[in-house]
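Subject: Structure handover

Hi,

Here is the structure we talked about. Please open it and follow along with the notes below.

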Amino acid sequence: MKIVGIQSSPRGEQSNTLKLVNAALEGAAEAGAEIESIDIAKMKINYCMACNSCHKTGVCAIKDDFEPVLKKLLAADGIILSSPNYITNVTAQLKTLFDRSPLIVHEQLFDGKYGLSLTTAGSGEIDFVLGIMDNYIVQCGGKAIGGVGCVMSEGPSAMEEAIIKSREMGRDLVKAIEEKRQYPEQEARQQAWREQFKHVILANKEDWTHNCDYWMEKGWLKE
Ligand SMILES: Cc1cc2nc3c(=O)[nH]c(=O)nc-3n(C[C@H](O)[C@H](O)[C@H](O)COP(=O)(O)O)c2cc1C
C-alpha cells in the first residue's frame, strides 16, 4: 500500500504544517504503508491554460513537474494533502495543483483512493481550509476520511496534540484503505455529480474524446 504526502508551504523544513505531514506519514508507515513525501512548493508547476487538451487526449499539454506528481498520486492508495491557511484558503502552490486536475475530476481518477487533510493557521479557520482539501478529494472521486488542524496562537501544547492526532490519522488512513471504508454521503454527492456532469460530457463529446470514451467504458453515460 502506498501513501503520498503533499507539502505545499513555501517554508520548507521550517514549515509548521510539515510537522503534521511527517507525523501522519510516520503513522501510516507504522501501520505498514510505503510512504513518500512530495514538496510541491519546490517544484515548477505552472497554471492550467484551459486548453482542454487533457479532456481530448488524456494528457496535459504543459510539460513541467505536474506529470510526475500526477503519476505518483494515481499510483497511491492514500493521499495526504496539506497546506497552511493562507487568507482562509490553501496556498497558491496547492491551488495550482488543484487547477491542473480537470482530468482527475472529469474521469474521477481518485476512485478507490482515500485522502487525509492537514493544516496549520496563525489564528483560525482551520475547518474551512480542511474543507477545501476534503472537497478536492471528493471532487476527484476519492473518499475524505477527515483532517487535523492546529492554530499556532494556541501555543506549543496545541501543536503537540495535533502531531499526536496526525499520527493517529495516518494510521487510520491505512485502516480506511484496508477495510474499504464507506462514506455514503460522499458517495451520494459523487453519484449526483455524475448524473449532472453526464450532460456536460455529452454536450462536448466531439471535443472531449478521451473523457467521452472513458465514460462509455465505465458505463456512466447509461446511468
Ligand atoms: C501569506 C500568508 C497568509 C496567511 N493567512 C492567514 C490567514 O488568513 N489566517 C490565519 O489564521 N493565518 C494565516 N497565515 C499564517 C499561517 O497560516 C501560519 O503561520 C501557518 O502555521 C504557516 O504554516 P507553515 O509554517 O507550514 O508555512 C498566513 C501566513 C501567510 C504567510
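Start with helices α8 and α9. In this predicted model, α8 covers residues 184–203 and α9 covers residues 209–218. Their axes come within 11 Å and cross at roughly 135°. An angle over 145 degrees would count as roughly antiparallel, and 65 to 115 as roughly perpendicular.

Which residues of α8 and α9 meet? From α8 come Trp193, Arg194, Phe197, Lys198 and Ile201. From α9 come Asn211, Cys212 and Trp215. By class, this contact has five nonpolar, one polar and two charged residues.

Now look at α1 and α7. Helix α1 spans residues 16–30, and α7 spans residues 156–178. They pack at an angle of about 40°, with axes 7 Å apart. These two helices are therefore oblique as well. The crossing of α1 and α7 is right-handed. Residues in the contact include Leu20, Ala23 and Gly27 of α1, and Ile163, Ser166 and Gly170 of α7. By class, the contact has eight nonpolar, four polar and five charged residues.

Last, the ligand. There are 16 residues around it, and Ser9, Ser15, Thr17, Asn85 and Thr120 come nearest.

- Thr17: a side-chain N or O atom is 2.6 Å from an oxygen atom of the ligand.
- Thr120: a polar side-chain atom lies 2.7 Å from a ligand oxygen atom.
- Ile87: a backbone N or O atom is 2.9 Å from a nitrogen atom of the ligand.

Best wishes

Methods:
Residues are numbered from 1 along each chain as its sequence is written. This is a predicted model: local features need pLDDT of at least 70, side-chain atom pairs count only at pLDDT 80 or more; totals for chains, interfaces and linings use all residues. Side-chain values use heavy atoms; hydrogens and water are left out. Axes are lines fitted to C-alpha atoms, for helices over the stretch in contact, and angles run from 0 to 180 degrees between N-to-C directions. Helices (H or I, at least four residues) and strands (E, at least two) are DSSP runs, numbered from the N terminus. Angles under 35 degrees count as roughly parallel, over 145 as roughly antiparallel, 65 to 115 as roughly perpendicular and the rest as oblique. A crossing is left-handed if the near helix is turned anticlockwise from the far one by less than a right angle, and right-handed if clockwise. Contact means heavy atoms within 4.5 Å. Ala, Val, Leu, Ile, Met, Phe, Trp, Tyr, Cys and Pro count as nonpolar, Asp, Glu, Lys and Arg as charged, and the others, Gly among them, as polar. A residue is near a molecule or strand if one of its heavy atoms lies within 4 Å of it. A polar contact is a pair of N or O atoms within 3.5 Å; within protein, one must be able to donate a hydrogen and the other to accept it, and residues adjacent in sequence count only if both atoms are side-chain atoms.
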